[in-house]
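Please consult the sequence and the model alongside each numbered paragraph.

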Amino acid sequence: GREPLSGPPDLRLGRDECAECGMIINEDRCSSALLIEREGMREHIAFDDIGCMLDYEFENKGELMIVQGFVHDHSTQAWVETNAALYLFADRERIPTPMGSGIVAFANQESAEAAQAEFGGKLMNYAQLASARRAWMEALYGKPRSAP
């Protein structure tokens, strides 16, 4: 009789583990999360890097019922819904992230443009980012044996 789980998770920095790479999540400025539903139950899945979340979504395409996605604003560390954020995809040497994706999120255009001026890279929405991440992964590691 409880209300269904909603909103972003309460991350326990230094204790929660990334669902994709298994690393402990130690900072929230690059972390992200999915609220999913499995067998009628909702749960959060946390990630230490936005790139990990994108890879997890790709690898589990068709198997995941995603209710909502969340990213942390790189400037304020506030949670933002994935489709409301603006993303900077920059050279991973210029903007360090936990797993080296070079992807950070912002809640507003002004902050995103300021980061782009400092770090370079390209600003994009979530759909564009998912495509760009897949192309980047394939260029770096080759095409997966079988895409879902």
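Which residue takes a positive phi in the hairpin of strand 3 and strand 4? The residue is Gln77, with phi near 65 degrees, and the hairpin has six residues between its strands.

1. Basis of the note. This is a predicted model, in which local features need pLDDT of at least 70 and side-chain atom pairs count only at pLDDT 80 or more, while totals for chains, interfaces and linings use all residues. Residues are numbered from 1 along each chain as its sequence is written, and side-chain values use heavy atoms, with hydrogens and water left out.

2. Overall architecture. The protein chain contains three helices and seven strands; helices (H or I, at least four residues) and strands (E, at least two) are DSSP runs, numbered from the N terminus. Read from the N terminus, the order of elements is β-β-α-β-β-β-β-α-β-α. The C-alpha trace spans about 50 × 40 × 25 Å along its principal axes. For 148 residues a compact globule would have a radius of gyration near 15 Å, and the value of 15 Å for the protein chain agrees with this. That radius is taken over C-alpha atoms, and the globule rule is 2.2 Å times the number of residues to the power 0.38.

3. Of the 148 residues, 41% count as buried, where buried means under 20% relative accessible area, exposed over 50%, and partly exposed in between (1.4 Å probe, protein chains only). Among contacts (heavy atoms within 4.5 Å) between residues at least 6 apart in sequence, 58% join residues at least 24 apart. The mean positions of the 14 positive and 24 negative charges lie 5 Å apart.

4. Two strands are said to pair if DSSP finds at least two bridges between them. Strand 1 and strand 3 run antiparallel and are joined by five bridges, with Phe70 in strand 3 as the bridge partner of Ala33. Strand 3 also pairs with strand 4 in the antiparallel sense, over three bridges; here the partner of Val71 is Val80 in strand 4. Gln77 lies in the loop between strand 3 and strand 4 (79-81) and counts as partly exposed, at 30% relative accessibility.

5. Ser75 and its contacts. Ser75 is found in the loop between strand 3 and strand 4 and is partly exposed, with a relative accessible area of 44%. Apart from neighbours within four places in sequence, Ser75 is in contact with Phe106 and Ser111. Ser75 and Ser111 are 36 residues apart in sequence, yet 7.4 Å apart in space, C-alpha to C-alpha.

6. Glu39. A further positive phi, of about 50 degrees, occurs at Glu39, which is not a glycine. Glu39 sits in the loop between strand 1 (32-38) and strand 2 (41-47) and is exposed, with a relative accessible area of 83%.

7. Strand 5. Strand 5 pairs with strand 6 (residues 103-106) in the antiparallel sense over four bridges, and Tyr87 stands opposite Ala105 in strand 6. Strand 5 and strand 7 (residues 122-124) also run antiparallel, joined by three bridges; Phe89 stands opposite Lys122 in strand 7.

8. Helix 1. Eight of the 10 residues of helix 1 are buried, so this helix is largely enclosed by the rest of the structure. The buried residues are Ile50, Gly51, Cys52, Met53, Leu54, Asp55, Tyr56 and Phe58. They pack against strand 1, strand 2, strand 3, strand 5, strand 6 and helix 3 (126-141).

9. Leu64. Leu64 lies in the loop between helix 1 (50-59) and strand 3 (66-72). Leaving aside neighbours within four places in sequence, Leu64 is in contact with Leu34, Ile36, Tyr56 and Glu57. Leu64 and Arg38 are 26 residues apart in sequence and 7.7 Å apart in space, C-alpha to C-alpha.

Note on methods. Lys and Arg count as positive and Asp and Glu as negative; His and the chain ends are not counted. The place of a charge is taken as NZ of Lys, CZ of Arg, CG of Asp or CD of Glu.
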